[in-house]
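Here is a short briefing for a first look at this structure. Keep the sequence and the 3D view open as you read.

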Amino acid sequence: MIVGERKPMEELLGMIEDFERILVLGCKGCVTVCCAGGPKEVKTLSTLIRMDRKQKGRKVITIEASTELQCEPESIRPILEKMANQYDVVLSMACGAGVQTVAKLFPDKLVLPALNTNFTGIAEEHGVWTEACLACGDCVLGRTAGICPVTLCAKGLLNGPCGGASEGKCEVSKDQPCAWQEIYHALKRLNRLHYLKQKPQVKNWPVHPGRVVREDLREVETT
Amino acid sequence: MSFRESLESGKFLVTAEVGPGKGTDVEHLLKAADIIKDRVDAINVTDLQSSVMRLGSMAFSHLLTDMGIDPIFQMTGRDRNRLALQSDLLSAWVLGIRNVLALTGDHPTMGDHPHAKPVFDLDSVSLLEMIGKLNSGYDMAGNELKGAPEFLPGAVVNPGADNEAALDLQIMKMEKKIEAGAKFFQTQAVYDIDLFEKFIRRVEGFKVPIIGGVILLKSAGMARFMNKNVAGVFVPIPLIKEMTDTKDKVKKSVEIAARIVKRLKNLCQGVHIMALGWEKMIPAVLDQAGI
């Protein structure tokens with residue numbers, strides 16, 4: 001999932017200072033799962049905004065809504081079109097992709113991000129998420145026992161570890177295991193240590209922004 | 001004799017190391033190099049070691065060539081992408097630099113600009129492959145060079161990796177480095193000779209010269225610091241005690257280093273002495289070790 005965190009309240013309140021009618025727009029996808037921008041968080045944030053304005057003696061109307069997936073135009077359009085006259089600004093609680101989808105579809109409305117999007121990751125335990133995938137476009141997990149060196153090695157090394165690990169931990173952080181030692185143990189367990197002996201790899205970095213075109217799907221759409 | 005000739009002659013090699021500092025003052029380093037120039041086969045010049053911003057390795061390597069010293073130009077993948085690395089290698093060649101030590105490099109968070117963007121476009125293995133490509137007259141993209149270098153590429157290995165997985169991985173990577181063209185290895189500092197001997201037994205079949213690392217111990221505190229903070233370096237407790245008990249730290253330091261050099265003489269093909277500012281002690285170390 002895409003993992004995000006709500007921006008500090010002070011920053012959020014500063015962003016919406018000029019506006020009185022605010023659509024707080026959550027997303028029921030990833031950010032609901034990581035408890036950052038789902039319907040529950042929309043409710044909390046709206047309440048906090050109203051409390052702040054009340055304290056300051058300033059008017060505010062907050063509209064609370066959540067899309068199924070804010071990165072999907074079809075999921076946003078009905079909600080935003082229906083209420084187009086009721087809000088001046090969208091405070092999106094989706095990830096960066098969701099925020100940008102709203103901006104693209106409604107170029108006449110200002111959209112503000114309520115979250116900082118951190119990474120594509122997994123839940124380690126309740127309240128702890130870690131980065132897992134850099135979406136580099138050339139997956140090597142098949143050779144590394146499902147442990148990504150591009151993401152989990154701080155240097156993104158493809159040809160084995162550097163010499164910096166100490167007691168199995170990365171030189172960058174004592175909380176971070178050396179990805180290559182993890183890969184070693186996993187491959188050993190799977191009796192696939194020979195995977196480590198593959199010929200040297202050089203990463204061909206993708207050009208940003210990325211774009212995926214599936215002609216087979218496009219044809220179906222147009223016929 | 002150039003470092004390549006020394007290496008090919010099969011003699012016991014002695015290399016040392018200087019680390020350019022932060023700023024343009026190079027006088028003390030040139031003096032240090034001058035003191036040891038007749039006792040070493042080459043001097044390594046570090047590349048922003050510990051990820052601290054400093055004067056560059058290429059410029060100081062070039063200054064050493066002016067003094068008739070054969071430098072080993074250390075190059076890490078930390079700060080430059082493949083364009084800059086290749087270009088810098090061509091530049092180094094025209095400046096008279098003939099030996100390159102390919103390293104991955106410490107992460108920027110280890111140094112004084114912790115928020116710098118880490119590059120690592122190439123790592124030590126792909127860096128070696130690239131050097132081989134340049135040597136063969138082509139760049140990494142396969143374009144022909146007009147005038148090719150003939151670098152002697154080397155690499156590092158950490159024989160003191162602190163667990164079985166780490167050591168197996170070091171050795172696997174060492175094999176990759178050899179396949180990628182490494183012609184010599186310099187190691188992290190060795191204090192535990194028995195452990196080093198076990199490592200040597202595992203890799204002697206590779207038939208690539210290994211130059212064992214020796215760091216001059218300046219104090220017991222420094223030893224304890226390295227044990228805690230430098231991956232793969234372990235100073236055994238009796239050695240720390242020797243440093244604590246001595247009244248003359250310099251003398252003791254030289255004595256310990258000479259003892260290590262003497263033992264390494266029977267185990268590997270050379271010693272790489274990292275004096276960390278005590279370069280003037282290197283001749284005494286070599287004298288005491290009978291080199």
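The model is a predicted one.

**Chain A overall**

- Chain A holds eight helices and seven strands.
- Chain A has 223 residues, and a compact globule of that length would have a radius of gyration near 17 Å. The value for chain A is 22 Å.
- Along the principal axes, the C-alpha atoms of chain A fill a box of roughly 65 × 55 × 25 Å.
- Of the 223 residues in chain A, 35% are buried.
- Take the contacts in chain A between residues at least 6 apart in sequence: 57% of them join residues at least 24 apart.

**Chain B overall**

- Chain B holds eleven helices and eight strands.
- Chain B has a radius of gyration of 18 Å. This agrees with a compact globule, because 291 residues in that form would give a value near 19 Å.
- The box filled by the C-alpha atoms of chain B is roughly 60 × 45 × 45 Å, taken along the principal axes.
- Of the 291 residues in chain B, 48% are buried.
- Among contacts in chain B with a separation of 6 or more, 78% come from residues 24 or more positions apart.

**Where the chains touch**

**A helix pair in chain B**

- Two packed helices are described by the angle between their axes and the distance between the axes.
- Helix α9 (residues 237-245) of chain B and helix α10 (residues 249-265) of chain B have axes that come within 9 Å. These axes cross at roughly 150 degrees.
- Angles over 145 degrees count as roughly antiparallel, so α9(B) and α10(B) are roughly antiparallel to each other.
- From α9(B), the contact uses B:Leu239, B:Glu242 and B:Met243. From α10(B), the contact uses B:Lys249, B:Lys252 and B:Ile256.
- The residues of this contact of α9(B) with α10(B) are three nonpolar, three charged and no polar.

**A loop residue in chain B**

- B:Lys117 sits in the loop between β4 (99-103) and α5 (124-135) of chain B.
- Is B:Lys117 buried or exposed? B:Lys117 counts as exposed, because it has 9 C-beta neighbours inside 10 Å. The cut-off for exposed is 12 or fewer.
- B:Lys117 and B:His107 are ten residues apart in sequence. In space they are 9.6 Å apart, C-alpha to C-alpha.

**A loop residue in chain A**

- A:Glu167 lies in the loop between α6 (149-152) and α7 (179-189) of chain A.
- A:Glu167 is exposed, because 12 other C-beta atoms lie within 10 Å.
- A:Glu167 and A:Tyr195 are 28 residues apart in sequence. Their C-alpha atoms are 23 Å apart in space.

Notes: Residues numbered from 1 in each chain as written. Chains lettered and ligands numbered in written order. Predicted model: local features only at pLDDT ≥ 70, side-chain atom pairs only at ≥ 80, totals over all residues. Helix = DSSP H or I, 4+ residues; strand = E, 2+ residues; numbered from the N terminus. Rg over C-alpha atoms; globule rule 2.2 N^0.38 Å. Buried ≥ 20, exposed ≤ 12 C-beta atoms within 10 Å, placed from the backbone. Contact = placed C-beta atoms within 7 Å. Axes fitted to C-alpha atoms, helices over the stretch in contact; angles between N-to-C directions. Parallel < 35°, antiparallel > 145°, perpendicular 65-115°, else oblique. Nonpolar A, V, L, I, M, F, W, Y, C, P; charged D, E, K, R; others polar.
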